Amino acid sequence: MRVRPAGPLRGTVKVSGATKNSGLKQLAAALLASGVTHVRNLPRVRDLDVMLDVLRAVGATVQWTGDEELTIDTSGQLQPEAPYELVRQMRASINVLGPLLARCGEARVALPGGDNIGSRRLDMHFRGLEAMGAELTVEHGFVDARCNALCGARIVLEFPSVGATENLLTAAVLAKGETVIENAAREPEITDLTAFLNRMGAHVLGAGTSTITVEGVDELVAADTEIMGDRIEAGTFLMACGIAGGEINLTGVRLEHLEMVGVKLGDMGMRVSPTPDGIWAQAVEPLQAVDIATLPYPGFATDFMPMAVAALALSEGTGIVTENVFDNRLAFVEELARMGADIRREGRHAVVRGRPRLSGAPVRAFDVRAGAALALAGMKADGETVIDDWFHVERGYPNLVGALSTLGADITPA
Ligand code: EPU
């Protein structure tokens, strides 16, 4: 992708449905009931294609019914095995483990392995399922899980892992008795998933808090779902506005889902307010540097961190960034440094000294958000920034290029 300097940004964009971080989880949860689920507000991203292949591999039938909506039919016999060729392409495949185990009494899912942002272990997923009575063996690159019947349990997570909370929640809904997940992840995507589960007939209380209580039921029924707006995409647009200047309106998202981003951008000198159907933001140049530490929700999400580093690289002053969630997510700063950013990284910390402008360069996207961060930096980098491995960005953003172009950015395929 080629980015040239642009700005100020102006205009209104509708934020996409959160396919990657919410939609994929609900598609996996649809496996819990036999029947047809209609999913809306599910724009296409690369990772969606992988999840649909996983669902087909286990025996579901998928049919597109519109640009951003599809049905998934799980009435047939399921073959509870997720093969390595699919799982290796996308970690969220592991989300089928809980639903398959709960519905079929067994599941065999390939292990996804680490990726460019860190080691990404699954121990909490496994320990929680074992506490519910599952027997797990991890051999030859697969986890084999089986159980006669899952039983409710009290599970304390060592860290509020999003994926572990989702897997345990989607197993507990069909377990016998009560499951309590303590130190549960509180991300809005967990609440979105829970609303879907409850519409299917599950009894889940406390989503959005650190204690989730699930009273297991014998059976769930297929229900429809509409995926929430993508708060990470919204945050990306806000930071683009901070970097390039201007005034933008976002619809289809709630500021309370990215409150800490709003607070930090406010501290940096931007004006950010909720509107009845979204968020309004105005940049007052130049941005002022702040310190940022990533934390589980409602803290500053790790998924915003790369864009925040790009914004700090173009701010007045020095900001210290601490990445607390993934052990290697700051690796991408080397690419920003190729664009002239003044960043010193020490493990989980980066010291970012702001500059008025960067210098366009050929760079490489390490992961979905790092790629977006480079695009944002390119908007205030002299000359041309050409971003290689852009497919990473397309794993999570359905239309980043189109939306940024609508707002006035100069971004085109190279
Ligand atoms: N962890 C463990 N053991 C476990 C589970 C997690 O040690 O059993 C560790 C991980 O290694 C990591 C930390 O806990 O260091 C957080 O992992 P978490 O399980 O919360 O993350 P995830 O479910 O794998 C989702 C999103 C990520 C997002 C994180 C944190 C999806 C598909 N992925 O991953 O999204 O960064 O939660 O909010 O929803 C992105 O969108 O760019 C992205 C990477």
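**A close look at one loop**

A: The protein exposes about 15,500 Å², and carbon and sulfur atoms supply 47% of that area (Shrake-Rupley method, 1.4 Å probe; for residues, only the protein chains shown count as cover). This is a predicted model, in which local features need pLDDT of at least 70 and side-chain atom pairs count only at pLDDT 80 or more, whereas totals for chains, interfaces and linings use all residues. Residues are numbered from 1 along each chain as its sequence is written, and side-chain values use heavy atoms, leaving out hydrogens and water.

The secondary structure comes to 14 helices and 26 strands (DSSP runs numbered from the N terminus: helices are H or I of at least four residues, strands E of at least two). Along the principal axes, the C-alpha atoms fill a box of roughly 65 × 45 × 35 Å. The radius of gyration is 21 Å, which agrees with the value near 22 Å that a compact globule of 414 residues would have (taken over C-alpha atoms; the rule is 2.2 Å times the number of residues to the power 0.38). Of the 414 residues, 58% count as buried (buried is under 20% relative accessible area, exposed over 50%, partly exposed in between, with a 1.4 Å probe and protein chains only). Among the contacts with a separation of 6 or more, 73% are accounted for by residues 24 or more positions apart (contact means heavy atoms within 4.5 Å).

The part to examine is the loop between strand S18 (292–293) and helix H10 (305–313), where Thr302 is found. Thr302 is buried, because its relative accessible area is 8%. Leaving aside neighbours within four places in sequence, Thr302 is in contact with Thr294, Glu323, Val325, Phe326 and Arg329. Thr412, by contrast, is 110 residues from Thr302 along the chain, and the C-alpha atoms of these two residues are separated by 27 Å.

Pro298 also has its place in the loop between S18 and H10, and a cis peptide bond with an omega of about 10° joins Tyr297 and Pro298. Most residues other than glycine have a negative phi, and most peptide bonds are trans. Another cis bond joins Gly7 and Pro8, with omega about 0°, and Pro8 lies in the loop between strand S1 (2–4) and strand S2 (9–14).

Two phenylalanines, Phe300 and Phe304, also belong in this close look. A search of the whole structure finds one aromatic pair, and the rings of Phe300 and Phe304 form an edge-to-face pair, because their centres are 6.0 Å apart and their planes stand at 65° (rings of Phe, Tyr and Trp, the last by its six-membered ring, pair if their centres lie within 6.5 Å; planes under 30 degrees apart are stacked, over 60 edge-to-face, the rest tilted). Phe300 counts as buried at 3% relative accessibility, and Phe304 is buried too, with a relative accessible area of 2%.

Ala33 is found in the loop between helix H1 (19–29) and strand S3 (36–40), and Ala33 is buried, with a relative accessible area of 1%. Apart from its neighbours within four places in sequence, Ala33 is in contact with Thr74, Arg103, Met200, Leu220, Val221 and Ala222. Ser75 is 42 residues from Ala33 in sequence, yet the two are 8.0 Å apart in space, C-alpha to C-alpha.

In two further loops, the backbone angle phi is the point of interest. His140, in the loop between S8 and S9, has a positive phi of about 55° although it is not a glycine, and this residue is exposed, with a relative accessible area of 77%. Arg120, a residue other than glycine with a positive phi near 55°, is found in the loop between strand S7 (106–110) and H5. Arg120 is partly exposed, since its relative accessible area is 27%.

Coming back to the part requested, the loop between S18 and H10 holds Thr302 and Pro298; Thr302 is buried, and Pro298 is joined to Tyr297 by a cis peptide bond.
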